[in-house]
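Q: I have a structure to read. Can you take me through its features one at a time?

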Amino acid sequence: QVQLVESGGGLVQAGGSLRLSCAAYGFRFSISAMGWYRQAPGKQREFVAHISSRSSPNYADSIKGRFTISRDNAKNTVYLQMNSLKPEDTAVYYCHRLGGTSWGQGTQVTVSS
């Protein structure tokens, strides 16, 4: 059974940093492309970043240069390093296996001004 468990969210001031983690279970993580998405209150879920099985990244324009996606196949974990956070980054962040249907419970990120 596919399971995705996000962690690392919290409350941070604008300009601060957070590192999100997503532990993956129940599928061949090393050959799977993974992504981070976010959903702010009253808005649709949106793409943040993807990383291919070979660690090639792709970023949304809104976070390019501030966020970095990475993966550790030995730990079946994908990360999102978030720097220079802005209030508009406030959202619930989810990880996702591309092509799959499962989502984790998400982790809340709140950036105060």
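A: Start with burial. Buried means under 20% relative accessible area, exposed means over 50%, and partly exposed lies in between (1.4 Å probe, protein chains only). Here, Asp 89 is buried, and so is Arg 38. A word on the source: this is a predicted model, where local features need pLDDT of at least 70, side-chain atom pairs count only at pLDDT 80 or more, and totals for chains, interfaces and linings use all residues. Residues are numbered from 1 along each chain as its sequence is written, and side-chain values use heavy atoms, with hydrogens and water left out.

Q: How many salt bridges are there?
A: A salt bridge is a side-chain nitrogen of Lys or Arg within 4 Å of a carboxyl oxygen of Asp or Glu. That rule gives 4 salt bridges. In one of them, Asp 89 pairs with Arg 38, with the closest N and O atoms 2.9 Å apart.

Q: Where do Asp 89 and Arg 38 lie?
A: Strands are DSSP runs (E, at least two residues), and helices are runs of H or I (at least four); both are numbered from the N terminus. Asp 89 lies in the loop between β8 and β9 and Arg 38 in strand β4, so the pair ties together parts 51 residues apart in sequence.

Q: Which side chain meets Arg 66 in a salt bridge?
A: Asp 89 does, at 2.8 Å, N to O. This pair also links distant parts of the chain: Arg 66 is in the loop between β6 (57-59) and β7, Asp 89 in the loop between β8 and β9, 23 residues apart. Arg 66 counts as buried because its relative accessible area is 12%. Asp 89 is buried too, at 0%. Through shared partners, salt bridges join Arg 38, Glu 46, Arg 66 and Asp 89 into one network.

Q: What is the partner of Lys 64?
A: Lys 64 forms a salt bridge with Asp 61, the closest N and O atoms being 3.2 Å apart. Asp 61 is exposed, with a relative accessible area of 66%.

Q: How do I read a disulfide?
A: A disulfide is a covalent bond between the sulfur atoms of two cysteines. The cut-off used is a pair of cysteine sulfur atoms within 2.5 Å. The structure holds 1 disulfide. It joins Cys 22 to Cys 95, S to S 1.8 Å. Cys 22 sits in strand β3 and Cys 95 in strand β9, 73 residues apart. Cys 22 is buried, at 0% relative accessible area. Cys 95 is buried as well, at 0%.

Q: What does Gly 104 contact?
A: Contact means heavy atoms within 4.5 Å. Leaving aside neighbours within four places in sequence, Gly 104 is in contact with Leu 4, Glu 6, Tyr 94 and Cys 95. Gly 104 is found in the loop between β9 and β10. Its 13% relative accessibility is why Gly 104 counts as buried.

Q: Which residues touch the most other members of the largest nonpolar core?
A: A nonpolar core is a set of buried Ala, Val, Leu, Ile, Met, Phe, Trp, Tyr and Cys residues joined through side-chain atoms within 4.5 Å. In the largest one, of 28 residues, they are Trp 36, Val 78, Leu 80, Met 82 and Tyr 93. The largest share of this core, 4 residues, comes from β3. Not counting residues up to four places away in sequence, Met 82 touches several residues, including Leu 18, Leu 20, Phe 67, Tyr 93 and Val 109. Arg 66 is also among the residues that Met 82 touches.
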